[in-house]
Amino acid sequence: MLENLSHQILSSYDLLSRSERKLADLLLEDPDRAVLNTAVELSKASGVSNSTTARFFKRLGYASFRAAQKVLRARASKPTTRAPVPEAPSGATIAEHLENDVQNLVRSIEATRTDLLDDAAKSLARAEKIWVVGFGENYPLAHFARALLIRIKPDIRMIPIGGFSVAEEFSSISEADTMIALGVGRRSRSLRILMRAALSKNAEVIYFTDQLARAGPELATVTLRCRTKAPGIYQSFSAPISLITYLCSMVARRLGETALGRMEAIEGLHHSWAEDLPGEI
């Protein structure tokens, strides 16, 4: 099955060079090319050198392009069968859960480029408005990101908001704004539509997603990937939460006295209201 090739490419995408990603994007759009085209044809179609094509397939674990094509042709010739429904995973111990989350954190941070983090922090610090967007299981992540950012910047918009139309809320986005798009795990069509709409307004988009998601400049200005593997039935969100927290801390440092002043004003309000009202708010 040629979807196995797509999975291999997506798993290695962040490790590819810029020229190798051109070939990767071509094959993600049309995996059949790997079976039907020669190496020279692939190189020409993607605008890369023959040596880049050879290097690309070696990076995927094949000895050469011909070896890869032989394997892929053999897979393509096998009859398609319905994948068996996976059995429920056995219960992991708390130690296994901890070990898994530590590995997710370590591998996510190792794979994160510091220049992309810096670009994201600059974009968020200078943004006039920040839009935080997350649907479904990403909504709690979006809520968490907004809770951190609202302490250091005044105008943080969240989508969706219950009872309000997304179109009316989103209509005021401008080139002075930045969007944080949360697409970890299941990604919705609505998220992609809003990301493209933001870019069409020349706003910048910071995209948090997992390691297997496909993302390119047509969807985001900066893509930050997190490992979400887990031994149980749910994905692990430890790495996305950690990376969001670190990025918001970077933004606070960039804002400097502005962020500190806002945090002090907020704490002052909490303190005065706690004194004036009986009990806790």
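**Exercise 1. Does Asp210 count as buried or exposed, going by its relative accessibility?**

Solution, step by step. Keep in mind that you're working with a predicted model.

- Step 1: Find the residue. Asp210 sits in strand β4.
- Step 2: Compare its value with the cut-off. Buried means under 20% relative accessible area. Asp210 has 7% relative accessibility, so it counts as buried.
- Step 3: See who surrounds it. Skipping the neighbours within four places in sequence, Asp210 is in contact with Gly183, Val184, Gly185, Arg187, Arg225, Cys226 and Thr228.
- Step 4: Pick out two of those partners. The backbone nitrogen of Gly185 lies 2.7 Å from a polar atom of the Asp210 side chain. Arg225 is 15 residues away along the chain, yet its C-alpha atom and that of Asp210 are separated by 4.9 Å.

**Exercise 2. Which residues of helix α5 are buried, and where on the helix do they lie?**

Solution, step by step.

- Step 1: List them. In α5 (residues 50-59), the buried residues are Thr52, Thr53, Phe56 and Phe57.
- Step 2: Look down the helix axis. The buried residues of α5 fall within an arc of 130°, so they line one face of the helix.
- Step 3: Zoom in on one of them. Thr53 belongs to α5, and it's buried because its relative accessible area is 1%.
- Step 4: Check its contacts. Apart from neighbours within four places in sequence, Thr53 touches Leu23, Ala39, Ser43 and Val48.

**Exercise 3. Which salt bridges do Asp118 and Arg126 form?**

Solution, step by step.

- Step 1: Recall the idea. Side chains of opposite charge can pair when their charged atoms come close.
- Step 2: Take Asp118. Its side chain meets that of Lys122 in a salt bridge, at 3.5 Å from N to O. Both residues lie in helix α8 (residues 114-126), four residues apart, which is about one turn of the helix.
- Step 3: Ask how open this pair is. Asp118 is partly exposed, at 24% relative accessible area, and Lys122 is partly exposed too, at 34%.
- Step 4: Now take Arg126. This residue forms a salt bridge with Glu204, with 3.3 Å between the closest N and O atoms. Arg126 lies in α8 and Glu204 in strand β4, so the pair ties together parts that are 78 residues apart in sequence.
- Step 5: Classify these two as well. Arg126 is exposed, with 55% relative accessible area, while Glu204 is partly exposed at 24%.
- Step 6: Another one joins Arg157 and Asp155, whose closest N and O atoms are 2.6 Å apart. There's also a network of salt bridges linking Glu20, Arg55 and Arg59.

**Exercise 4. Where is the cis peptide bond that involves Pro160, and what is the phi of Asn202?**

Solution, step by step.

- Step 1: Most residues other than glycine have a negative phi, and most peptide bonds are trans.
- Step 2: Find the cis bond. It joins Ile159 and Pro160, with omega about 0°. Pro160 is in the loop between β2 (156-159) and α10 (166-170).
- Step 3: Turn to Asn202. Its phi is positive, about 65°, although Asn202 is not a glycine. This residue is in the loop between α11 (189-200) and β4 (204-210).
- Step 4: Check its accessibility. Asn202 counts as exposed because its relative accessibility is 54%.

**Exercise 5. Which residues form a nonpolar patch on the surface with about 240 Å² of accessible area together?**

Solution, step by step.

- Step 1: Name the members. They are Leu98, Val102 and Val106.
- Step 2: Val106 is in helix α7 (residues 94-111), and at 36% relative accessibility it counts as partly exposed.
- Step 3: Zoom out to the whole protein. Its accessible surface is about 16100 Å², and carbon and sulfur atoms account for 55% of that. Of the 281 residues, 39% are buried.
- Step 4: Finish with the fold. The protein has 13 helices and five strands.

Technical notes: Residues numbered from 1 in each chain as written. Predicted model: local features only at pLDDT ≥ 70, side-chain atom pairs only at ≥ 80, totals over all residues. Heavy atoms only, no water. Helix = DSSP H or I, 4+ residues; strand = E, 2+ residues; numbered from the N terminus. Buried < 20%, exposed > 50% of the residue type's maximum accessible area, 1.4 Å probe, protein only. Areas by Shrake-Rupley, 256 points an atom, 1.4 Å probe, with all protein chains shown as cover. Patch = residues over 30% accessible without salt bridge, like charges linked within 9 Å, V, L, I, M, F, W, Y side chains within 5 Å. Salt bridge = Lys/Arg side-chain N within 4 Å of Asp/Glu carboxyl O. Arc of directions from axis to C-beta. Contact = heavy atoms within 4.5 Å. Polar contact = N/O pair within 3.5 Å; in protein donor to acceptor, adjacent residues only side chain to side chain.
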